[in-house]
Amino acid sequence: SVGMAEFMAVVARAGGLIAEKQRELQEGLTTRAEVLRLAAHEANISAMTACAMGNYHCDVFYCKQNYCDNPLYTRFSNLSWAA
């Protein structure tokens, strides 16, 4: 399971990568596009970590993606808080 230690390891890794890229950017060894690509990659890792930890918004989004438009489950739409 994914816990706080794993999350903090990702944060530390991201901090190290960002510091390295900032140094390279200042020295002209990398571009802003590369830094943005790195930031997007780390954001995806954070999002996956959040879902693995069972954050509420991930559960809701998963449910909407997989059940709301599925004809097998539309009979339960009256139970939705958005109805």
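Guide: Arg23 counts as partly exposed, at 41% relative accessibility; the class lies between buried (under 20% relative accessible area) and exposed (over 50%), with a 1.4 Å probe and protein chains only. The model is a predicted one, in which local features need pLDDT of at least 70 and side-chain atom pairs count only at pLDDT 80 or more, while totals for chains, interfaces and linings use all residues. Residues are numbered from 1 along each chain as its sequence is written, and side-chain values use heavy atoms, with hydrogens and water left out.

Arg23 is joined to Glu27 by a salt bridge (a side-chain nitrogen of Lys or Arg within 4 Å of a carboxyl oxygen of Asp or Glu), and the closest N and O atoms of Arg23 and Glu27 are 3.4 Å apart. Glu27 is likewise partly exposed, its relative accessibility being 48%.

A search of the whole structure finds 2 salt bridges. Glu24 and Lys21 also form such a contact through their side chains, at 3.4 Å from N to O. Both residues belong to helix α1 (residues 4-26), where they are 3 residues apart and so are separated by about one helical turn; helices are DSSP runs (H or I, at least four residues), numbered from the N terminus, and strands (E) need at least two. Glu24 is buried, at 14% relative accessibility, whereas Lys21 is partly exposed at 23%.
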